[in-house]
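Work through the exercises below with the structure open. Try each task before reading its solution.

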Amino acid sequence: MTPVLSLLLRRALGLGAAVLLSSIAVFLVPFVSPGDPVRNLLRARMDLGTADDATVAAYAEQLGLNEPLWKQYLDWLGRFLHGDMGLSYVSGTPVVDRVLPALGVTLLLAGSAILIAVLVSIVLGVISALRAEKLSDRTITSITHALIAIPEYAMAPLAVLLFAVRLAWLPSAGLSSAASLVLPVAVLCLRPISFFTIAVRSGVLETLGSEHVLAARARGLNEARVLLRHVIPHSLLPLSTMTGVWFAGLLGGSVIVEVIFALPGMGRLVYDAIVDSDLPMAQGGVVLVVMCAVLVTTVVDLIHQLSDRSANLEVSGVS
Amino acid sequence: MKHPRLKSLAALTLVALGLSSCAAGGNDAPAVDSEARLVVDNFRAPVSNWALESDDAYVLSISGCLETLTRYDQKAQEVVPMLATEWKQSAEKTWDFTLREGVTFQDGSALDAQSVTDALNHVLKATAPARAVNPKTISAVEALDENTVRVSTPSADPLLPYRMASVNAGVLSPAAYTKDGIDPFGHCTGPFTPVSEQAGQSLTVDRNEDYWGGDVKLAGGEIRFITEGPTRATQVQTGEADISMSIPATSLATLEADPAVELAKADSPRTSTLYLNNSRAPFDNVDVRRAVTKALDVSAIADSVYEGAATGATGPFAPSEPWALADAQVPATDVEAAKKLVESSGFTQDKPLEIIAITERAEFAAVGTIIQERLKQIGIESTVVTKSYGAVEPQLLKGDYDMLLSQRNRMIDIANPIGFLQADYTCEGSYNLSGYCNPEYDKLVSAAAAEKDEKARNDLYRQAGQLLADDAVNVWLVNEQAIDGVRTEVSGYVQDPLTRYVMTKDLAKTK
């Protein structure tokens with residue numbers, strides 16, 4: 001079996017296990033939390049509700065929530081394996097109709113943030129490494145280290161105040177146009193930029209002193225060519241891993257930014273669903289995020305494997 | 001030397017951030033713009049597939065789509081005609097509503113007694129029924145003739161016209177009731193027709209050219225669902241929204257200083273309350289409850305924590321309500337007298353009492369700390385814990401708590417406090433968290449529920465409220481203000497503290 005096939009097989013098994021575990025975990029949340037899941041559902045429909053016991057019982061009966069927990073879970077799993085995510089307990093509409101658009105928003109948000117972070121961090125990291133210990137390096141390093149410490153919930157209101165209120169350049173919230181994405185993406189990409197820049201700087205510094213770079217220089221290649229062909233590609237391998245991990249994290253972890261900027265993304269959808277005890281919605285959302293995360297990390301690992309093979313071939317002088 | 005590259009990079013980033021900037025420009029002119037569209041930031045998002053028995057009905061009402069048989073006029077403080085022009089109590093347990101003639105739904109079908117009957121029966125059959133309109137309050141709805149709807153109640157209910165003003169009693173055309181749920185698009189009678197929805201984001205409406213109520217001034221609008229208060233405040237400040245509902249206290253100072261925004265304020269029917277568990281020690285002793293009332297300076301709490309978004313409460317009702325307590329004053333603070341009351345009551349404690357502050361209202365943590373400090377001064381040790389309402393509700397319903405900081409809407413879907421007075425304070429009340437039971441009070445509320453004369457009914461409410469205040473059942477802390485931010489170019493906006501009406505035919509925007 002080839003390493004690639006082996007990886008794909010392992011990941012497929014991992015995906016199954018991850019879906020199973022995450023869906024069980026989400027399923028259990030309302031039942032291990034204090035409070036009554038059915039009253040939570042009714043409250044989502046009617047503010048601070050005061051539903052009487054008969055209503056609570058009737059609603060539970062209608063949703064099948066009086067069944068044993070294991071049966072409720074297996075019912076959901078059976079439907080899910082047949083491609084049916086079920087109906088939301090709150091709205092009664094198909095879960096898939098809500099989670100897919102939300103996933104689209106989050107993919108756009110996280111994808112844009114990661115793409116910008118990668119591009120910016122490559123530029124900053126390379127400059128920083130090439131000017132190591134000089135003013136530009138120190139400036140970049142100071143800024144990136146400072147940005148790591150500023151969380152999104154602090155940066156987002158600042159960005160809104162400056163760019164939406166003071167300068168009136170950008171919308172403060174919502175998803176009415178491409179401009180609406182600028183602030184949330186900018187806020188989301190700052191911390192990845194910091195981490196990625198540090199990784200790129202360190203990778204470039206390490207590669208600059210490696211044997212194959214010395215060999216390239218010895219062959220008389222000019223510095224720009226050495227940098228573009230031999231240094232940067234090799235320095236970016238750690239970045240690809242980080243990119244995958246950060247992207248997967250942002251898929252479900254951009255809830256604060258989604259709330260502040262009123263974006264109907266996956267983080268917010270899953271958070272609300274868990275608060276409301278809307279199990280099918282929460283499970284559908286989490287499982288979809290887990291699947292995307294596993295997919296992304298698998299692609300990253302594949303890139304890694306292929307890069308390693310090509311690097312080995314290159315070092316051994318085949319190419 | 002190396003800086004130019006860095007500068008370019010920084011400039012590039014800024015340019016990227018600033019791309020697609022949309023500069024806000026405004027021309028002030030007094031003339032109404034008949035082509036204007038208005039943006040309303042609503043604090044509530046529809047989550048129940050437009051089920052009319054749910055709070056989604058509020059969104060449809062705010063958007064100028066959904067209408068009801070009657071309407072509560074906040075200024076006149078009375079029920080006035082809407083889709084029904086008149087109504088009468090034809091027998092002890094029946095009311096007959098005469099429908100307005102010539103009204104058509106936006107899909108062209110006529111509003112008649114059968115369509116109204118079907119609409120109301122649909123809500124009554126819901127598994128989780130609405131609070132104001134449910135089988136406990138309405139036993140049957142039938143069409144008497146083409147233009148008359150008869151509504152029967154399980155017992156005599158003089159407040160039925162109020163219930164018919166509840167958004168949950170909204171009427172849509174028969175085509176709106178599909179097997180997949182409610183489809184309000186093109187099926188309302190209101191001044192605006194919903195034309196598109198971005199799930200979880202907004203609802204877009206267009207002017208209803210054939211509105212029964214006359215010309216509609218706006219061409220249309222967009223209702224945005226923005227649950228974060230500060231975001232709503234920012235949007236009305238930047239001009240992205242024309243009206244932002246329910247401005248949080250933390251944003252008031254900023255908006256008050258902005259000449260382009262006006263703040264509409266009214267007493268909301270919500271009172272933040274320190275619930276005392278009357279069913280167990282130490283608050284089963286009226287002297288201890290009175291001591292807590294005397295110890296707290298509710299006006300100071302309103303000024304400090306609520307920053308002007310609330311006023312000190314005078315009792316269970318707001319002073320502006322027609323059933324407010326006579327000559328009601330904010331209870332005087334007297335720590336010394338409170339201390340003596342605690343001492344004379346024989347109060348002892350072997351562990352601190354617990355104040356539960358619900359997390360749904362962020363300010364309650366601060367209020368709890370102030371109360372804790374005041375209680376300490378009169379010899380009552382306490383701790384403050386913050387919990388979500390959902391997590392603590394079963395404990396509250398069982399009466400297993402000492403003190404609770406929560407808030408309550410007195411006018412639960414109808415512009416009348418009867419539901420609140422019954423559910424919260426009668427011996428058999430379904431939401432009697434305080435565990436209060438006083439036959440004299442129950443008698444007053446029963447009499448009020450059956451009283452046909454509005455003035456006499458309000459007087460009975462007043463007496464019941466006075467009894468609650470005299471018995472110091474709870475400490476009513478602050479009457480919250482309903483505060484909406486409105487851009488100065490908006491005209492014809494009438495604030496509804498019950499958050500039912502925003503997009504009306506008279507709402508307009510000047511050029």
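**Exercise 1: where two chains meet**

The contact draws 43 residues from chain B and 54 residues from chain A, where two residues are in contact if their C-beta atoms, placed from the backbone, lie within 7 Å. This is a predicted model: local features need pLDDT of at least 70, side-chain atom pairs count only at pLDDT 80 or more, and totals for chains, interfaces and linings use all residues. Residues are numbered from 1 along each chain as its sequence is written, while chains are lettered from A and ligands numbered from 1 in the order in which they are written.

Task: find which elements of chain B give two or more residues to the side that touches chain A.

Solution. Step one: list the elements. They are α1 (3–18), α5 (229–238) and α11 (389–397) of chain B. Helices here are DSSP runs (H or I, at least four residues), numbered from the N terminus. Step two: pick the main giver. α1(B) gives the most, with 6 residues. Step three: sort by class. This side of chain B has 17 nonpolar, 18 polar and 8 charged residues. Ala, Val, Leu, Ile, Met, Phe, Trp, Tyr, Cys and Pro count as nonpolar, Asp, Glu, Lys and Arg as charged, and the others, Gly among them, as polar.

**Exercise 2: a helix pair in chain A**

Task: describe how α8 (residues 179–208) and α11 (residues 237–253) of chain A cross.

Solution. Step one: take distance and angle. The axes come within 10 Å and cross at roughly 165°. Axes are lines fitted to C-alpha atoms, for helices over the stretch in contact, and angles run from 0 to 180 degrees between N-to-C directions. Step two: name the arrangement. α8(A) is therefore roughly antiparallel to α11(A) (angles over 145 degrees). Step three: find the partners. In α8(A), residues including A:L188, A:F195 and A:V200 meet residues of α11(A), among them A:M242 and A:W246. By class, this contact has 11 nonpolar, 1 polar and no charged residues.

**Exercise 3: a helix pair in chain B**

Task: describe the packing of α7 (residues 286–295) and α9 (residues 335–344) of chain B.

Solution. Step one: the angle is about 165°, and the axes lie 8 Å apart. Step two: α7(B) and α9(B) are therefore roughly antiparallel to each other. Step three: B:D287, B:R290 and B:K294 are among the α7(B) residues that meet α9(B), whose residues there include B:L341 and B:S344. The contact divides into 8 nonpolar, 1 polar and 3 charged residues.

Terms used
Angles under 35 degrees count as roughly parallel, over 145 as roughly antiparallel, 65 to 115 as roughly perpendicular and the rest as oblique.
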